[in-house]
Amino acid sequence: SSSSSSSASSTSLGDVVSSPGPGSGLSQGPGAPSAASASSSRVQRGGVKLTIHVYNLVLQTLLEQEKYDSALGIIDEIKRTKTRPNSHTKELVTRLSREGQKEVSQELTRMQAFSAAAAVAGLALWNGLL
C-alpha cells in the first residue's frame, strides 16, 4: 500500500527537509507552495545547496517509502527551479514511472474485482437469492 493520495504539486524539497518527522506525511496540502518557498529558503540559509544530487537523494528516499505523489512534487520543483537533471535523475524518474504504472494496475485490478462482486450481488438480489 502506498501513501500517494496528496497533490504532487504541493510537495517541495523544503517540505521534505523541514517535515515534522516520521509518520507525519510530507505534503502540507493546499497552499503549501508558499510554505514550501519559505522552507526552501530556510534550507538554503541553513547551508544546504539545492543541487541535483540533493534532489536525487530525496527522490530516491521517497521512492523507497512509496511516496509517489511527493516524488512527483520534487520533480515539479526540479523543473520549476530549472535544475538540470543528470543520468541518475532520469533513472529515478523511470523507476517512478514503472512504480506508478504498477500502482495504477493494482488499483484497476481491485476496482475490477469490486465491480465483479457488485455485479454478482446485484444479479443475486435481482433473482431473489439474497
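Before I place any residue in a helix, I note that a helix here is a DSSP run of H or I with at least four residues, numbered from the N terminus. By that rule I find Leu 108 in helix 5, which covers residues 87-126. I also keep in mind that this is a predicted model.

**Entry: the whole chain**

I looked up the elements of the protein chain and found 5 helices and 0 strands, in the order α-α-α-α-α from the N terminus on. Of the 130 residues in the chain, 30% are buried. The chain exposes about 8,300 Å², and 58% of that area is supplied by carbon and sulfur atoms. For the contacts with a separation of 6 or more, I noted that 66% are accounted for by residues 24 or more positions apart.

**Entry: helix 3**

I then checked the geometry of helix 3: its 13 residues should span 18 Å at 1.5 Å a residue, and the end C-alpha atoms are 18 Å apart, so the two values agree. Its buried residues are Ile 52, Tyr 55, Asn 56, Val 58, Leu 59, Leu 62 and Leu 63. These cover an arc of only 165° around the axis, and therefore they lie on the same side of helix 3. On the face turned away from that buried side I found the exposed residues His 53, Leu 57 and Glu 64. Just after the helix, Glu 66 takes a positive phi of about 60°.

**Entry: Leu 59**

Which residues does Leu 59 touch, not counting those up to four places away in sequence? I listed Ala 71, Ile 74, Ile 75, Ile 78, Thr 89 and Leu 92. Leu 59 lies in helix 3, residues 52-64, and its relative accessible area is 2%, under the 20% cut-off, so I count Leu 59 as buried. I also looked up the pair Leu 59 and Val 93, which are 34 residues apart in sequence and, from C-alpha to C-alpha, 8.6 Å apart in space.

Returning to Leu 108, I asked which residues form a nonpolar patch on the surface with it.

Conventions:
Residues numbered from 1 in each chain as written. Predicted model: local features only at pLDDT ≥ 70, side-chain atom pairs only at ≥ 80, totals over all residues. Heavy atoms only, no water. Patch = residues over 30% accessible without salt bridge, like charges linked within 9 Å, V, L, I, M, F, W, Y side chains within 5 Å. Areas by Shrake-Rupley, 256 points an atom, 1.4 Å probe, with all protein chains shown as cover. Salt bridge = Lys/Arg side-chain N within 4 Å of Asp/Glu carboxyl O. Helix = DSSP H or I, 4+ residues; strand = E, 2+ residues; numbered from the N terminus. Buried < 20%, exposed > 50% of the residue type's maximum accessible area, 1.4 Å probe, protein only. Contact = heavy atoms within 4.5 Å. Expected span 1.5 Å × (residues − 1). Arc of directions from axis to C-beta.
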